[in-house]
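Please open the model in your viewer and keep the sequence panel beside it, so that each stop of this short tour can be selected as it comes.

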Amino acid sequence: MSNLKLDITNAACFLKAGMIETFEPKVRAAQEALENGTCPGNDFLGWLHLPSSITDEFISDIEKTARVLRENCEAIVVAGIGGSYLGAKAVIEALGNSFAWLMNDRNAPTILFAGNNIGEDYLFELTEYLKGKRFGVINISKSGTTTETALTFRLLKKQCESQMGKETARKVIIAITDEKKGAARICADKEGYKSFVIPDNVGGRFSVLTPVGLLPIACAGFDIKALVKGAQEMEAACGKNIPFADNPAAQYAAVRNGLYESGKKIEIMVNFQPKLHFMSEWWKQLYGESEGKDGKGIFPASCDFTTDLHSMGQWIQEGERSIFETVISIEEPNKKLMFPTDKENLDGLNFLAGKRIDEVNKMAELGTRLAHVDGGVPNIHISIPRLNEQYLGELIYFFEIACGISGNVLGVNPFNQPGVEAYKKNMFALLGKPGYEKEAEEIRKRR
């Protein structure tokens, strides 16, 4: 039984009567194509029943490795880009203390992320921060040659060996890579690193529930068994035999495709909890990279409310009506803080005295959703009981299965990303990488 609740009432009202129901056969066919392996990209469907295939032994191996890193490291750097880091960061940021990096907790290593950019200042500052510290590295790359990650790993590997000695470095450098091939696999085998496999049939943006996401999350001290349990429950709740009206992923896929056909080209993922910022970033990659091809696809954007109501709120309320919102609500915060009274009441806020901060936030959320609907913005509402591992596991799988269904309904291959290679070819040519001489010459003619 899923704890996630989906309300499409304030989105369906913007569509013609019965339009969502017309999507039922399309959605059913799309999900059957996933299940039967007959859809485009069918060699990347390993995520579909991944939750239910995860064993206790597999989780124990990851937890054991995480304990080694936690016991031996003050900091752990997760080196990866795109799906190789966004899922882990989304969960860690959602569950962790927002100010943990300032607390200097000697019982818990600081989890850092790198290999997702080529900013020299960022990498210099990272290497400076790590000087004199016991740190480990989780190198996540199927090929081992992705420029951003490979460049970062080379820097970190050298620094780790220099500061901790090569033998100790072997214990705290972990490779998550291809089972048999690629530069990262060759390096891991040569150096004797503990390694985990990225399954061939699971793409990066669907890899949160593989070691790609599970190991960093375990290193941060969170319960990956509960995370997987939540995903397992959502897998069952969105199964192919669940009726269309009761299947939240099918409903979400149907309504967003209905809105797209009606001219709503932009979906804004909204949260009223700062801790969900990177969940939105993960969602943006999942849907943007899956659907944005063949001249099609909803543009995925995100806003953190109420913060962005003071920057993007005006445009959302009264701008071009090409958008719809999907709002994630957290029913109950994990902490409690009451608003105090003030004798002078100079700010005029004594009418809030004695109320929980979350009550104020909830009314801001409800007021915003109502205002945006009144302003012509369809609103899809998703809620989970609270921020914990189980409910985040449900949310992750919900978005994954809905994405697979939605991409098939749209008529694209949701599991490839040919457009991502375009910038790489130009970058390699401009940097003089061997084998790109022809491309370099063509670029020179354009300059």
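Two strands pair if DSSP finds at least two bridges between them, and strands (E, at least two residues) as well as helices (H or I, at least four residues) are DSSP runs numbered from the N terminus. This is a predicted model, in which local features need pLDDT of at least 70 and side-chain atom pairs count only at pLDDT 80 or more, while totals for chains, interfaces and linings use all residues. Residues are numbered from 1 along each chain as its sequence is written, and side-chain values use heavy atoms, with hydrogens and water left out.

Begin with Glu325, which stands opposite Asn379 in β10. Then select residues 323-330, strand β9, which runs parallel to β10 and is joined to it by six bridges.

Widen the view to the open sheet of five strands, whose order is β1-β10-β9-β7-β8 with mixed pairing. At its edges are β1 (5-7) and β8 (299-304), each of which pairs on one side only.

Next select residues 277-291, helix α15, which packs on the sheet and touches β7 (266-271) and β8 (contact means heavy atoms within 4.5 Å).

Finally, return to β10 (residues 379-384) and pick Ser383, which lies in this strand. Ser383 counts as buried because its relative accessibility is 7%, buried meaning under 20% relative accessible area with a 1.4 Å probe and protein chains only. Leaving aside residues up to four places away in sequence, Ser383 touches Asn3, Leu4, Lys5, Ser329 and Glu331.

Definitions and conventions
Buried means under 20% relative accessible area, exposed over 50%, partly exposed in between (1.4 Å probe, protein chains only). Axes are lines fitted to C-alpha atoms, for helices over the stretch in contact, and angles run from 0 to 180 degrees between N-to-C directions.
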